[in-house]
Amino acid sequence: MNKIPLSSGMPVTLYFKDAFTNLFSTKLRTFLAVLGILVGCASVVAMLSGGELMTRQALLQFKELGTNLLSIQINDQSSGGSSSQKVTMPEVENLYDVSNNITLVAPYSSLYLDMSYEGTPLNGSIIGATDALSSIMKVKMLKGRFISYLDKLEPYCIVGNDLYNQMKQTSYKDPIGQQININGSFYTIIGVLQHWPQNAFVFADLNQAVIVPLPLSLAMSKYAEINSIIFRLAPNSKIKQTENQLTTYFQGVAPTKSLYFQSAEQIVSQMKKQQQILTLFLGFIGAISLLVGGIGVMNIMLVSVTERKREIGIRKAIGAKARDIRIMFLIESVMLSVFGGIAGVIVGILISFIIAEVKGWGFTLFIWPPVIGFVISAAAGIFFGYYPAYKASKLDPIQTLRSE
Amino acid sequence: MSSKVIQLENIVKRYGKGSTEFLALKGVNLTVEQGELLAIMGSSGSGKSTMMNIIGLLDRPTSGKYILSGSDVVHMSEDELSFIRNQKIGFVFQSFFLLPKFSALHNVTLPLMYRGVSKAEATEKAMEIFKRMSIERLAHSLPSQMSGGQQQRVAISRALIGNPDLILADEPTGALDEKTSASVLELLKELHQEDKKTIVIVTHDPEVGKQCPRMVKLHDGEIENE
């Protein structure tokens, strides 16, 4: 006996044509199987893309600010200790000498006092700041100017964007040059901030704040004190080392205070880790729906094999080998899942686009979520199509020819 | 030169085991020469379906020897049998067994497709045969759009296209009316006489048997007379 090829020489294009004819002849069923894969693939793509967009969005704030930032919050060590000493302005000035890494120091105070504008109360906090805050936080002005070093005790203030909008509803006058009443004293508005993209790094919301010169803020209330400092560090500085130096310094000048450090680097890595877990979790949910879709394909292919026993018998009688039959059914299930995969990728991208639009994030088309979604769909087609195809190829020709 | 297409020696086919054991074929010997037109006759239960399945390599004998145009086919694998069926046997079935979703042309070219012949070449061959069968205009019709006689002509075309050593017809007229039966039978006889095809017809119909030059009668699993 001569050697027999493992499968016949039937061209692959013919398999695809036949598969198309067969799938087309059971339109509803094909549609449902494709739909199952579509939903699964779309959810994988949408979830992964959504997760990526979220990560991208969360990290965006640091892109502008840079990651060489370190902030400390200065708290009272013992809660309720009323007469604890405060960190003073000269002590803050001296911080430049504490470490070579420190290139800019931006201390600020935050306190809450009653405020009103044109007789209407304002909702917001008061932040005492220096011009360093503006340069570290890359604050942009809508109108007027920021606090300057020379302002010191001048009764000037800057308003955040949200507060500005609140004021415009109160009065038709341009708030610039008008006065805000804080605890009975009047402060002239000399500038308005542009909308400030919040970040996890600053413990205050500048949009809801009235910013006054730091020395002035310390005089406004007996509770006012410098309770946060943001440092800009030299590139590639050792953050841990800087933290230790700062700790030592503050133990000297203000032993009753405890420091809470937060570095941009640390926040970024935390965020990345969290987002990775989230993306993985979302991807897992998507994968489960894809699994369900795959089971749908398997189910439909099993029905198809049972219904087409006669066809299998005829094909075997005229010379189809087991592998030919297997390929035939496998191509049908792969076609189902590839159709579903393509449609799913489109729908998934659309969904992530809508999420981005609704959330106000910038939309970016990531390549790997669609690729993963599509590859998993196609793989699901092969995986879940293999058993029905194998079953078909093992059928006995006589049995299949006799079946109705 | 005449050579043997089918050589069956002492073919036994047993179904079941123990108390349900049943011998469908009890040691059948049969030789078919090239160019013969042979009818295997028998009533239902005589073992003729089993005989047809074994000759057509759709089933294996329990014991015995079967040489099909020179190859010993008893111990071949499933895939090898598929290959031999594709190369050497053309089937004509009682209920035609055309693939319902595909055109006549697609159905007829299928054996050549499985053989790896190019589509163009297979189509050309199929059209030649269609012309001979006078069914060219049906090439692109679906089986459901044809009459029984037309479907059987398509099925015979499919059996012929691979130029097999043996055409095996299982009750080829069983599903047809009298007039159509006669013309299908004429066609088979013509293929025998003009093309020197080796044809085995398995039937229960004595009318069909009578028209074949050679006839064997199967009764209760044995060849009764020749």
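This is a predicted model: local features need pLDDT of at least 70, side-chain atom pairs count only at pLDDT 80 or more; totals for chains, interfaces and linings use all residues.
Residues are numbered from 1 along each chain as its sequence is written, and chains are lettered from A and ligands numbered from 1 in the order in which they are written.

Let's begin with the domains, whose bounds come from an automatic or database domain assignment. Chain A has domain 1 (12–62 + 270–402) and domain 2 (85–255). Their C-alpha centres lie 55 Å apart.

Now to strand 11 of chain A, residues 228–233. Strands here are DSSP runs of E, at least two residues, numbered from the N terminus. Is strand 11 of chain A largely enclosed, or open? Six of its six residues are buried, so the rest of the structure largely encloses it. Buried means that 20 or more other C-beta atoms, placed from the backbone, lie within 10 Å of a residue's own. One side carries A:Ser228, A:Ile230 and A:Arg232, the other A:Ile229, A:Phe231 and A:Leu233.

Which strands pair with it? Pairing needs at least two DSSP bridges between two strands. Strand 1 pairs antiparallel with strand 11 over five bridges, with A:Leu70 partnering A:Phe231. Strand 2 is also antiparallel to strand 11, over six bridges, and A:Leu104 stands opposite A:Arg232.

Finally, strand 9 of chain A: four bridges join it to strand 7, running parallel, and A:Cys157 has A:Ile189 as its bridge partner. Strands 8 and 9 form a hairpin with two residues between them, and A:Asn183 in the turn has a positive phi of about 55 degrees.

How values were computed: A residue is buried if 20 or more other C-beta atoms lie within 10 Å of its own, exposed if 12 or fewer, and partly exposed in between; C-beta atoms are placed from the backbone.
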